[in-house]
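Subject: Structure for you to look at

Hi,

Here is the structure I promised to send over. Could you open it and keep it next to you while you read the rest of this email?

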Amino acid sequence: MEALSWLAVIVAGVLCSLFLWWSFSLEEIGARSLKWAFLLGTASLMLFLLFFTLDYLSLLPQRAGRMTDEVVLGKKVWHKYLCIDCHTLLGNGAYYAPDLTKSWDRFLVRSGGDEEQAGQMMRSFLKDPPAATCNRRGMPRLGMTDEESRELVSFLRWVASIDTNEWPPNPLYQAVTITSVPHPQDALLYFQRPL
Ligand code: HEC
């Protein structure tokens, strides 16, 4: 399908160039030529639109894992506790707390790749998050049930399986802990490029 998409792009490019060449080579355009230019232009654009829509739809199932009932229930829990008021998912939400699109992958790394352990870690984090410290924001204890935490983990795990073309991007600058800033306006200077 990818080769076909490239072919369609090349055909579209050739057709556009031919049309431009034709329209510039004419001294004047008659009503008949205009009518044909309009009809052929509209028809070919509609065909390209149809092709790329079908191409895109055929790729969708490969771009995410299977959505189970538990994933759907997890999304409802996500809305129930208004997680989006603090977090972002796929670019939507608030910037108070970490983006959760690939949060499951981070828990997986923290548990050394053990899925069972990553699930347990995430569940206990959700039910009883660590308290805030002076240089780290804390997540409130939302009082969710064991079942809700399980459903949320399924949902966040499914979200992490979506092929997002590397979204969210990794930060260019890494924050360093600021122990003493002489002037608050200099705080931004205390961000370093990763080595
Ligand atoms: C009032 C704001 C707020 C709300 C509401 C909130 N969180 Fe959080 N959450 C945070 C903050 C702040 C952190 C970072 C805490 C830390 O690193 O210790 C966090 C961290 C997390 C993490 C760990 C992120 C990681 O990858 O390390 C997960 C998972 C998470 N939240 C899920 C949720 C879910 C699911 C909900 C809704 C049920 C929710 N949060 C609601 C503020 C919030």
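This is a predicted model: local features need pLDDT of at least 70, side-chain atom pairs count only at pLDDT 80 or more; totals for chains, interfaces and linings use all residues.

**Overall layout**

The protein has six helices and four strands. Starting from the N terminus, the order of elements is α-α-α-β-β-α-α-α-β-β. There are 195 residues in the protein, and 13% of them are buried. If you take the contacts with a separation of 6 or more, 53% are between residues 24 or more positions apart.

**Around the ligand**

What sits around the ligand? The shell has 24 residues, and the closest are Tyr 81, Cys 83, Cys 86, Ala 97 and Met 139. Sorted by class, the shell contains 17 nonpolar, three polar and four charged residues. The largest share is that of α5, with three residues.

**Helix α4**

After α4 comes Gly 112, with a positive phi near 70 degrees.

**Where α3 meets α6**

α6 turns up again in a contact with α3 (residues 69-80): the two axes come within 7 Å and cross at roughly 105 degrees. Angles of 65 to 115 degrees count as roughly perpendicular, and α3 and α6 are therefore roughly perpendicular to each other. On the α3 side, the contact is made by Glu 70, Val 71, Leu 73, Gly 74, Lys 75, Val 77 and Trp 78. α6 brings Glu 148, Glu 151, Leu 152, Ser 154, Phe 155 and Trp 158. By class, the residues of this contact split into seven nonpolar, two polar and four charged.

- Leu 82 has a positive phi, near 50 degrees, although it is not a glycine. You will find Leu 82 in the loop between α3 and β1 (88-89). Leu 82 counts as exposed, because it has 11 C-beta neighbours inside 10 Å.
- Leu 90 is another non-glycine residue with a positive phi, this one about 50 degrees. Leu 90 lies in the loop between β1 and β2 (92-93). With 13 other C-beta atoms within 10 Å, Leu 90 is partly exposed.
- Trp 167 and Pro 168 are joined by a cis peptide bond, with omega about -5 degrees. Pro 168 belongs to the loop between α6 and β3 (174-175).

That's the lot from my side.

Cheers

Notes. Residues are numbered from 1 along each chain as its sequence is written. A residue is near a molecule or strand if its C-beta atom, placed from the backbone, lies within 6 Å of it. Helices (H or I, at least four residues) and strands (E, at least two) are DSSP runs, numbered from the N terminus. Ala, Val, Leu, Ile, Met, Phe, Trp, Tyr, Cys and Pro count as nonpolar, Asp, Glu, Lys and Arg as charged, and the others, Gly among them, as polar. Axes are lines fitted to C-alpha atoms, for helices over the stretch in contact, and angles run from 0 to 180 degrees between N-to-C directions. Angles under 35 degrees count as roughly parallel, over 145 as roughly antiparallel, 65 to 115 as roughly perpendicular and the rest as oblique. Two residues are in contact if their C-beta atoms, placed from the backbone, lie within 7 Å. A residue is buried if 20 or more other C-beta atoms lie within 10 Å of its own, exposed if 12 or fewer, and partly exposed in between; C-beta atoms are placed from the backbone.
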